Amino acid sequence: MELNLRPIGVIRSPYKSPLECPSQGRLSEEIFIVEVFPEFEGGLKDVETCTHLILLYWLDKARRDVLTAMPPHDKKEHGVFATRSPHRPNPIGFAVVELIERSGRKLIVKGLDALDGTPVIDIKPYSSAIDCVENAKIGWFEEVNKK
């Protein structure tokens, strides 16, 4: 089976290389612009009523042949599906971003760790009432942080 994705836009970021990116975008105060392509502008109707958005993006600079990763929080190797490593078979980035402003096809957001030029594959509204799972945990991460 093959899946075909089409980018709906591009991220304009202050980060030009992976070394500049924080380990988690939520820790960043940097401002990003999500430029939605003209043919998808109609999909932005009412997006400005959202305080936060789920942004899905394609990590086009990531390796796709990696199945294990060593996260910055732990010096042990874990399977990529138990980590948030960008290097994975399908390098899809996920972030809950704060929507600062909408200006036409441009969304000014905060809370990302993407590189400049990263393709956007989808945008969805975030709702703490629907999307928040209280007490969700990553077991190995909890163990590392106990130490």
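**Chatting through strands, core and salt bridges**

Me: How do E3 and E8 pair up here, parallel or antiparallel?
Reply: This is a predicted model, and in it E3 and E8 run antiparallel to each other, with five bridges between them.

Me: OK, which residue in E8 is the bridge partner of leucine 55?
Reply: That's isoleucine 123.

Me: And what about E1 and E8, how many bridges there?
Reply: Two, and that pairing is antiparallel as well. Glycine 9, for instance, sits opposite valine 120 in E8.

Me: Switching to the inside. Which residues touch the most other members of the largest nonpolar core?
Reply: Leu107, Leu112 and Ile123, out of 25 residues in that core. Strands E2 (31–36), E3 (52–58), E6 (92–103), E7 (106–110) and E8 (119–125) each put in at least two residues.

Me: Why would residues like that gather together?
Reply: In soluble globular proteins, nonpolar side chains tend to get buried with one another.

Me: Is lysine 16 buried or exposed?
Reply: Exposed, because its relative accessible area is 56% and the cut-off for exposed is over 50%. Aspartate 116 has 31%, so it counts as partly exposed.

Me: Which residue does aspartate 46 meet in a salt bridge?
Reply: Lysine 45, at 3.3 Å from N to O. Lysine 45 is exposed at 63% relative accessibility, and aspartate 46 is partly exposed at 40%.

Me: What about arginine 102, which partner does that one have?
Reply: Glutamate 48, with 3.0 Å from N to O. Arginine 102 lies in strand E6 and glutamate 48 in the loop between E2 and E3, so the bridge ties together parts 54 residues apart in sequence.

Me: How exposed are arginine 102 and glutamate 48?
Reply: Arginine 102 is partly exposed, with a relative accessible area of 24%. Glutamate 48 is also partly exposed, at 44%.

Note on methods. Residues numbered from 1 in each chain as written. Predicted model: local features only at pLDDT ≥ 70, side-chain atom pairs only at ≥ 80, totals over all residues. Heavy atoms only, no water. Core = buried A, V, L, I, M, F, W, Y, C linked by side-chain atoms within 4.5 Å. Buried < 20%, exposed > 50% of the residue type's maximum accessible area, 1.4 Å probe, protein only. Helix = DSSP H or I, 4+ residues; strand = E, 2+ residues; numbered from the N terminus. Salt bridge = Lys/Arg side-chain N within 4 Å of Asp/Glu carboxyl O. Pairing = 2+ DSSP bridges.
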